[in-house]
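Subject: Structure handover

Hello,

Please find the structure below, followed by notes on what was found in it. The notes start with the whole chain and then go down to single residues.

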Amino acid sequence: MSLLRLQSCGARSFLRPCIRSFHSSRAAAFALSQTKPLRAVAAPAVGSYAPKEGEHVLNSPSEVARKISAKVLPRLPRPDVKRVVVVGSGGLSIGQAGEFDYSGSQALKALHEEGVEAILINPNIATWQTSHQLASEIYFLPVTADYVAYVLEKERPDGILLTFGGQSALNVGIELDRMGVLERLGVKVLGTPIRTLEVSEDRELFVQALKEIDIPVAQSTAVSTVNDALKAAEIIGYPVILRSAFTLGGLGSGFANNPDELRDLSAKSLSLSPQVLIERSMKGWKELEYEVVRDGADNTIICCNMENFDPLGTHTGDSIVVAPSQTLPDSEYHMLRSAALKVIRHLGVVGECNIQYALNPNSMEYCVIEVNARLSRSSALASKATGYPLAYTAAKIALGHTLPELPNAVTKTTTACFEPSLDYIVTKIPKWDLAKFSQVSREVGSSMKSVGEVMAIGRTFEESLQKAIRQVDPRWKGFEVVIEPENLDEALSKPTDMRLFAIAYAMFKKNYTVDHLHDLTKIDKWYLYKLDNIVQTHFALKAVGSLEKVDHELMQRAKRMGFADAQIAEITGSREDAVRAHRKAFGITPFVKRIDTLAAEYPAHTNYLYTTYNACEHDVDFEEHGTMVLGSGVYRIGSSVEFDWCAVTCARKLRDMGKKTIMINYNPETVSTDFDEADRLYFEELGFERVMDIYELECAQGAVVSVGGQLPQNIALRLKDNGVNVLGTDPIQIDTAEDRHKFSSVLDKIGVDQPEWTEVTSLDSAKAFANKVGYPVLIRPSYVLSGAAMNVVYEESALEYNLSAAASVSPLHPVVITKFIDGAQEIDVDAVAHNGKLLVHAVSEHVESAGVHSGDATLVLPPYSLPEVDMARLKTIAEKVAEAFEISGPFNMQVIRKQTDKGETELKVIECNLRASRSFPFVSKVLGHNFIDTATSAIVGQDVPEPIDLMKEKRDYTSIKVAQFSWTRLQGADPFLGVEMASTGEVASFGKDVHEAYWTSLLSTTGFKVPKAGSGVLVGGDINKPEMASISTRLVELGFKLYCSSPVIEDFLNELPHVTAKRILLPKTDKRRLREVFDEYDILCVVNLAKAQGTDLLDEDYVARRNAVDFGLPLLNNAKTAELFVEAMAKKIPQGALRGYQEGRIPSEVRSWREFVGYRA
């Protein structure tokens, strides 16, 4: 059994500190004996003593304790604030994702409870945070110092919260302070003061501060030029690590083993940040994190300590993380705990922060890597791992409360001034989507690359880890052989996104010993021995030969090790349902345990649950028979926070209808996994086995599968076949829509047009079809999400190559080939129906021509170029589809619109999903009508509203949704838009017209810098695109200078009237020299309208696109959106848009959501 640290009452408050730590002895192999805990039951509150003005009173049921505490607790003045601006984090990107939706939402809940009016600035329209249930006013505007200053000027709040919006909000706060805006407008910074934020962000000040209290920090030198970096490295000695200041998720950081590597790395990093740090590298040391909470009265607690499975050298966001730490002896645990308390007090953090350590595995030597004086990704993980609501508590502290007077939000009977104890193990595994990008290295290092993460809870490390592996990718059954690396030792010694499976291959197939693996990976042997337990159990199952021979003891051992039924079926050569039946015949079913923050020492009142086989009784009874909502699982490209908004909205609507709710999800970054969003939260897998287990235990009334993206849809039919009451649209219809054969014949039957298509099983039949309809054609496999392995093919040679790549995605399903309609317009229709009758629909048009994945496309609502007649035809198509599939609930269609040679307009349906889509939050908020509320009524058939045509209403505003990309993180990836989705998030803004809305939306994407007046623009791409001439002419008219690298482009541009362009030489392989060229010609923007992706790393269009993102410059890589941006700029420049913030001037787009829509939607 894992070594679990149980810790409690370590708070330094007015009570005498009492710290007790004990370890459980190792139980016999695979057994987990349990003693019944003694429960200290808190009595209900007695007496009527209430705090007087200015008093701080202990949260206690005892009147005596409350009276005494009023005399003893320090009287802290509470900030007098009625209106507070909360700065959000913007679109989801690698390094700054959904965790800030969760932490910001908790902060807004806390403000709401205190009666404080919250004004939120966040352009991320897909999040729950940007809903009126939480904030009084919401501004969908860029998270930049200028725009936040405009909002402060307009709203005149009393205070501002900067620590709930990630690095973006922090940087904005520091900048506003420097501009003097906060002081001039009398806005108080709540919580951690600006000076503390600056010290934690500026590496030199940070090192200096820690030296003052004798806390070791990695030896480092701050530099701002490449030459200084090289000098510093000579003194420190190679290898060194380079870190950028003021960036998030290790952006621009990396390891350098020699001067050449450092030269390239520092040139790139200095283009992203004004200052970089050169530090001694401690690769191979253990990496640990402590989450610390401190209030204004200096009460300080450690909420959670976490240990990285991977040694130092891998960014903590890309590491497997285990909580609580498993391999620290008590002396080391307390050494780091004491240091954490000392550092946080010295820095003066008020609220929550996290501190990261490197610890030498062979001695007690340690050093502090960094302190995040804000809520971070780890804070969200720690909150979910312990049940301690860190963001909520931090917000209350910022409003002047102290820890002893705040209640423990989970037990409701004890105070928040305690250190959580865990009687379980949590494992976090990151989710990478690197396979989507050619040319991207799969190695992971000090700069974060993962797009999401999962969190699994178990009573042993083995159980927790295997659960987490399945959560990351449903195709994986557990710790098993997934890859077979050619160079195994290299795959083990160089961390990649698949290293865990390289270890599996080494253990299962190559008989590597734990010692040998430790030498290669530097992963602690404790973890490797645990992995070996899984391997030995696997071999024990294999040895018995068949399922019938698996006895009770072996089955129980396997389930306690976290083996899934499907995994056991694969090992024993049987089927999953046979294993399930065999297991249930033995009476082996999971037990439901509760996360109560106090290791069952006090009774808990929340239902924050997980399942385990390492137990002998349930913590809850099953008398509620609630309605299950299946969440969206891990954030990945194609399925992100928008589905969490759908799941939370659905669960809240069900509760409003008087139904008990059961949420199943395992993503720690989400609002849906907050302990108070559903009546019962299961932090669990979304696979068939676990969903069935919970459904059977709870005797649930039904399950909602249409609000969590693709994962719940994939198991919908199986759930129905096994007796689950799947609510809403029939899973048989879902399967019909997913199967392109069935879907197509339904469309033919109802007279809805679609592009020509066929299904092929051989290359010859593919060529025959392509020759018949003519190139280009689109190839796509069945049952995929976000266009995985979809490709547009323009010639036969490409068809041969791509068919081999696409066919391997779903071997059970043949490949579909469709005629691709070049230059067509794409339209999204989001709708809700009940029993086949359309209730409400929204029509959004794409700015880009067809061929850009709808998740990457720019969406305009209301549409600005569609005539009334087409709008009516689109509604008719939606009505026909709703009726044909007997839809009850949400659905989404993508439609292609093209004018024929005869002047007629064709509308062809290319796709239909019988579930909520990515754009549901967008259309709901823009139109001021909650589509998921309507869909939930339709799904359960209760309080179904009358049909309404929102598209008939005239609106005096436009909103545009723009994709948020994370190209900077994905070194080497080609920033080119195609049918494969590449964006990690989205933002949207409003405006009086399409130009104002697009201007504000594009500026809202993280890191977008508007080029300054008169600067240079590098132009490249396909001169046959008609927009090339209009864009170039307009840029020259606006005073920009044009440059290009190709003689073809040079001739083309110089032949245009009134346009001159200069050709410059781009050094394609020398990044430093290239940076100098950009600086020499003051190039601050790149327009590249290439026809296809770069063929190799020396393709000059690829070099231009890639270096635009590497140097942090705006890249306009699509003809239609580039034209729209240049038009928008032409309108905004006369209004002073390039001049930045000016006191007293408030641009017209600075209006709240309520002001645009006309009411609190």
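**Overall form**

A compact globule of 1161 residues would have a radius of gyration near 32 Å, and the chain agrees with this at 29 Å. Please keep in mind that this is a predicted model. Along the principal axes, the C-alpha atoms fill a box of roughly 85 × 70 × 65 Å. The secondary structure comes to 37 helices and 41 strands.

Of the 1161 residues, 65% count as buried. Contacts between residues at least 6 apart in sequence were also sorted by separation: 71% of them join residues at least 24 apart. The accessible surface of the chain is about 40300 Å², and 50% of this belongs to carbon and sulfur atoms.

**Cysteines**

How many disulfides does the structure hold? The count is 0. A disulfide is a covalent bond between the sulfur atoms of two cysteines. The cut-off used for such a pair is 2.5 Å between the sulfur atoms. For cysteine 650, the closest cysteine sulfur is in cysteine 646, and the distance of 9.0 Å is too far for a bond. Cysteine 1044 is in no disulfide either, with the nearest cysteine sulfur, that of cysteine 1085, 15 Å away. Are these two cysteines buried or exposed? Cysteine 650 is buried, at a relative accessible area of 0%. Cysteine 1044 also counts as buried, with 0% relative accessibility.

**Backbone geometry**

Most residues other than glycine have a negative phi, and most peptide bonds are trans. The following places depart from that.

- The peptide bond from tyrosine 238 to proline 239 is cis, with omega near -5°. Proline 239 sits in the loop between helix H8 (226–236) and strand S9 (240–244).
- A cis peptide bond also runs from alanine 323 to proline 324, where omega is near -10°. The loop that holds proline 324 lies between strand S14 (321–323) and helix H10 (330–347).
- Lysine 522 is not a glycine, yet its phi is positive, at about 65°. Its loop lies between helix H16 (514–521) and helix H17 (525–544). With a relative accessible area of 43%, lysine 522 is partly exposed.
- Aspartate 943, again not a glycine, has a positive phi of about 50°. This residue is in the loop between helix H30 (931–940) and strand S35 (958–964). Its relative accessible area of 57% makes aspartate 943 exposed.

Threonine 1000 belongs to helix H31, which covers residues 994–1004. Threonine 1000 counts as buried, at 0% relative accessibility. What is threonine 1000 in contact with, leaving aside its neighbours within four places in sequence? The contacts are Phe140, Leu141, Pro142, Ser989, Phe990 and Glu1149.

Aspartate 158 is in the loop between helix H3 (145–155) and strand S6 (159–161). A relative accessible area of 26% makes this aspartate partly exposed. Neighbours within four places in sequence aside, aspartate 158 is in contact with Asp80, Val81, Lys82 and Arg83, and also with Gly186, Val187 and Lys188. Proline 239, listed above for its cis peptide bond, is 81 residues from aspartate 158 in sequence. In space, the two C-alpha atoms are 49 Å apart.

Arginine 655 is part of helix H21 (residues 641–656). The relative accessible area of arginine 655 is 32%, so this residue is partly exposed. Not counting residues up to four places away in sequence, arginine 655 touches Thr661, Asp676, Glu677, Ala678 and Asp679. Arginine 655 and isoleucine 125 are 530 residues apart along the chain, and their C-alpha atoms are separated by 24 Å.

Regards

Methods
Residues numbered from 1 in each chain as written. Predicted model: local features only at pLDDT ≥ 70, side-chain atom pairs only at ≥ 80, totals over all residues. Heavy atoms only, no water. Buried < 20%, exposed > 50% of the residue type's maximum accessible area, 1.4 Å probe, protein only. Helix = DSSP H or I, 4+ residues; strand = E, 2+ residues; numbered from the N terminus. Rg over C-alpha atoms; globule rule 2.2 N^0.38 Å. Contact = heavy atoms within 4.5 Å. Areas by Shrake-Rupley, 256 points an atom, 1.4 Å probe, with all protein chains shown as cover.
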